Each structure stands twice: as structure tokens, then as C-alpha cells.
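Subject: Structure handover

Hello,

Here is the structure for your files. My notes on it follow below.

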Amino acid sequence: MTTCSTHVLDAVVGRPAAGLDVTLLAADGVVLEAGRTDADGRLSWTTTLATGTYGLRFATGDWFAAAEVATVHAAVHLEVLVDGTQPHYHLALLLSPFAYTTYRGS
């Protein structure tokens with residue numbers, strides 16, 4: 001089984017995106033776990049994942065609105081193919097109001 005974590009960085013100000021709500025979803029959209037990034041922009045889930053497709057939903061619209069920053073992203077949805085034989089997936093998001101990129105980190 002595999003564990004999963006994320007790290008979100010605000011690319012505009014060069015700081016962690018603290019207080020961003022993130023939801024871990026099964027392939028059928030069922031919520032497996034939900035949480036909020038810590039002061040370092042990090043969040044780890046306790047749910048273990050088998051091989052399959054999962055989703056991460058980052059509530060970027062609400063997060064930017066709370067900071068009074070205009071954005072085009074109501075949310076960022078990331079669909080991930082998980083190989084359940086791998087011990088851990090760390091999925092990072094580099095975020096700005098009008099662009100984002102994501103990668104599998106270590």
C-alpha cells in the first residue's frame with residue numbers, strides 16, 4: 001500500500017501556501033480524506049492507497065479569495081495514477097493566480 005502527501009507553494013510571493021484546503025478523492029469522486037495545508041504548505045494523509053486512480057482537489061479559489069487576490073482557478077484538480085507497490089507519492093503544486101504546475105517530488 002502507498003501513502004500520499006502534498007506541498008503547495010505560492011509562486012508569486014515565494015512562500016508556502018498555508019491554510020489551503022485539499023481533498024483526496026477515490027476514482028469515483030468519493031472523498032477519502034480532507035485537510036488543510038500547514039504553515040509550511042504541507043499536508044499528509046493517513047489513508048493508504050492501492051494501485052489505481054485518485055484525485056487531489058485544491059480549493060484555490062477560496063484560498064485566493066481569502067487573500068483578496070483575483071484568480072482564474074476556482075480549484076485545481078489533479079488526477080494521479082498510483083502504483084500501490086511504491087511506498088509514497090509526494091505531489092507538489094506550484095501555484096499562482098493564473099498558472100500552476102505540479103510534479104511528483106520525493
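What percentage of the 106 residues in the chain is made up of buried residues? The share is 42%, where buried means under 20% relative accessible area, exposed means over 50%, and partly exposed is in between (1.4 Å probe, protein chains only).

Before the rest, the terms of use. This is a predicted model, in which local features need pLDDT of at least 70 and side-chain atom pairs count only at pLDDT 80 or more, while totals for chains, interfaces and linings use all residues. Residues are numbered from 1 along each chain as its sequence is written, and side-chain values use heavy atoms, with hydrogens and water left out.

Overall fold

The chain holds one helix and nine strands; both kinds of element are DSSP runs numbered from the N terminus (helices are H or I with at least four residues, strands are E with at least two). In sequence order the pattern is β-β-β-β-β-β-α-β-β-β. The C-alpha trace spans about 40 × 25 × 20 Å along its principal axes. The radius of gyration of the chain is 13 Å, which agrees with the value near 13 Å for a compact globule of 106 residues; the radius is taken over C-alpha atoms, and the globule rule is 2.2 Å times the number of residues to the power 0.38.

Taking contacts between residues at least 6 apart in sequence, 57% join residues at least 24 apart. Contact here means heavy atoms within 4.5 Å.

Surface and charge

The chain exposes about 5,600 Å², and carbon and sulfur atoms supply 56% of that area. Accessible areas come from the Shrake-Rupley method with a 1.4 Å probe, and for residues only the protein chains shown count as cover. There are 5 positive and 10 negative side chains, and the centres of the two sets lie 5 Å apart. Lys and Arg count as positive and Asp and Glu as negative, with His and the chain ends not counted; each charge is placed at NZ of Lys, CZ of Arg, CG of Asp or CD of Glu.

Core

The largest nonpolar core has 22 residues, of which Val-8, Trp-45, Leu-56, Phe-58, Leu-91 and Leu-95 touch the most other members. Such a core is a set of buried Ala, Val, Leu, Ile, Met, Phe, Trp, Tyr and Cys residues joined through side-chain atoms within 4.5 Å. Two or more residues of this core come from each of strand E1 (3-10), strand E3 (21-26), strand E6 (52-58), helix H1 (60-66), strand E7 (76-82) and strand E8 (88-96). Not counting residues up to four places away in sequence, Leu-95 has a contact list that includes Val-8, Trp-63, Phe-64, Val-76 and Tyr-100.

Individual positions

Thr-23 is in strand E3 and is buried at 16% relative accessible area. Beyond four places in sequence, Thr-23 touches Val-31, Glu-33, Ala-34, Gly-55, Leu-56 and Arg-57.

Gly-61, in helix H1, is buried as well, at 17%. Leaving aside neighbours within four places in sequence, Gly-61 is in contact with Thr-71, His-73, Ala-74 and Ala-75. Its C-alpha is separated by 17 Å from that of Thr-102, 41 residues away along the chain.

Glu-68 lies in the loop between H1 and E7 and counts as exposed at 76% relative accessibility. Its phi is near 55 degrees, a positive value in a residue other than glycine. Most residues other than glycine have a negative phi.

Ala-27 sits in the loop between E3 and strand E4 (31-36) and is exposed, with a relative accessible area of 63%. Ala-27 and Leu-94 are 67 residues apart in sequence, and their C-alpha atoms are 23 Å apart.

Ser-44 belongs to strand E5 (residues 42-44) and is exposed at 54%. Not counting residues up to four places away in sequence, Ser-44 touches Cys-4 and Ser-5.

Gly-105 is in strand E9 (residues 99-105) and is partly exposed at 22%. Gly-105 and Ala-92 are 13 residues apart in sequence and 6.4 Å apart in space, C-alpha to C-alpha.

Regards
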